[in-house]
Amino acid sequence: MFPCPLSLAAGNSPIVTSRIGQAIGKNLASIGINWIFIPTLDLLSACIEPLDASQTFGRSPGTVSGHALALIQGLESEGVSACANSHPAGSILEIFTYRSAVELMDDIHEQAQLPEFAPIESVLTTCPHASTQFGAAIHEFPDPARSAHAICTASDLILRDQCRFQGPTVSSFAETPGDASVCAKHSPLLTFLAGLDMVKLPKDAAAQEASISTLKAAMRSEILPPILIQTAAARVTALKSSFLTWDKALATRQPELLSLPTAGTLAQEAYRASVTAVSPGLTPLRDLPRTSIVVLLTPTVPRRNASRPSDPFEPLGRALSRSFPRLRHVPYTLSAGLTDVHVTFLQRATAVVFVLCNTSSAMSESQDEVVRALQNTLRARDASLSQERTRKVVAGAGDPRDLRDPFAGWWGVLCYEYSRGALEAVAEVMLGEREAVGRLPV
């Protein structure tokens, strides 16, 4: 129902984010839930998979801290506690623990130029003490255990202070890259070394036993310092004492207080505020005749709701078809690319709306191939026309990094997710009914 964190960040209003948090908290409290694992405090870096990008508030520590704290304040105003999911230190942990090759540099500012460090470059360059800490941690190589611990401890201090969140944090072993069996065994230990307070163990009993055994061995050998466990326990205890009381546990449930209509209106306002134009000028569909043939090309993506077999992009097609009854919605797959069927539709199109939604970095090459094929097809068609050329709109419905390289001759717009609300909001902008007022959060 509610916009994803990246959409809220694009809306650029912590006040709206706080109202969203308050609405979430009110609905949860009415059915007896008073603890939730949000918000996500990870920074959007090269380590974040495209499918997970929407769960971050962007790449700027200031943006992340502003919106995360606003969401938490909204939740707590309704008596619901927030336990931050993951943490910026987790991204740093990925870089140094699982990268097969790390180029060591003496200059910390040179190190900060690596793509993975772009989100925290501003922290490192503006905080001399932080730079010293981080530089000292890097020089702990070639001892992998000490270096990983030192780097994660330093980055945890830097980014926890930067985000100003002192509550408990939680991470899942599934979020850690690498071999599955290795992750299941070592991820909990690495999570605590990175400064997080809790970890979601895997469901498999054998994996749970291996994780717990690794933790016990680390505590006996003091690889896992007792102070980290004590600090984590103190944060969780403080949260429980404030929010998880017997009075709240035994309180009468009031599902009739669910504010779904009000929450829906608030969510739609937030969706509209998040739509971001990445190209100058007006939308090419603004003055297009109603009788025009518009071809909508959308990717096959994981469904947000498995119980609904319909195409997730159907709301976008329905919204556009109200202005263009002759709209043709033609899905495409990255594996098959553009087929003869797509080419046939494109040959008759007055305008093309092409939707990008890269769900995995492993599929980015396939996506590039689809883009090239589409460009070549339209270029050949336009060259044979004597009248007006095809009008072209490209929309990103997920990771905003999909549109970091502008499409020559295309008008670009972003909506950050493919929920119904987001797609209806971006359709209004495409049709010229509303202005795109969102700010790119990366």
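Two strands pair if DSSP finds at least two bridges between them. Helices (H or I, at least four residues) and strands (E, at least two) are DSSP runs, numbered from the N terminus. The model is predicted, so local features need pLDDT of at least 70 and side-chain atom pairs count only at pLDDT 80 or more, while totals for chains, interfaces and linings use all residues. Residues are numbered from 1 along each chain as its sequence is written, and side-chain values use heavy atoms, without hydrogens and water.

**View 1. Strands S10 and S11 in the open sheet.** The sheet has 6 strands in the order S6-S11-S10-S9-S7-S8, with mixed pairing. Its edge strands, S6 (276–277) and S8 (328–332), each pair on one side only. S10 (residues 391–396) and S11 (residues 411–414) pair in the parallel sense over 4 bridges. Val393 stands opposite Trp411 in S11.

**View 2. Helices H14 and H17.** The axes of H14 and H17 (lines fitted to C-alpha atoms over the stretch in contact, with angles from 0 to 180 degrees between N-to-C directions) come within 8 Å and cross at roughly 30 degrees. H14 is therefore roughly parallel to H17, a term for angles under 35 degrees. Contact means heavy atoms within 4.5 Å. On the H14 side the contact is made by Pro315, Leu316, Ala319 and Leu320, and on the H17 side by Arg420, Leu423, Val426, Ala427 and Met430.

View 3. pLDDT, the predictor's confidence in each residue from 0 to 100, stays under 50 over residues 174–179. Where pLDDT is low, the predicted coordinates should not be read in detail.

Definitions and conventions:
Angles under 35 degrees count as roughly parallel, over 145 as roughly antiparallel, 65 to 115 as roughly perpendicular and the rest as oblique.
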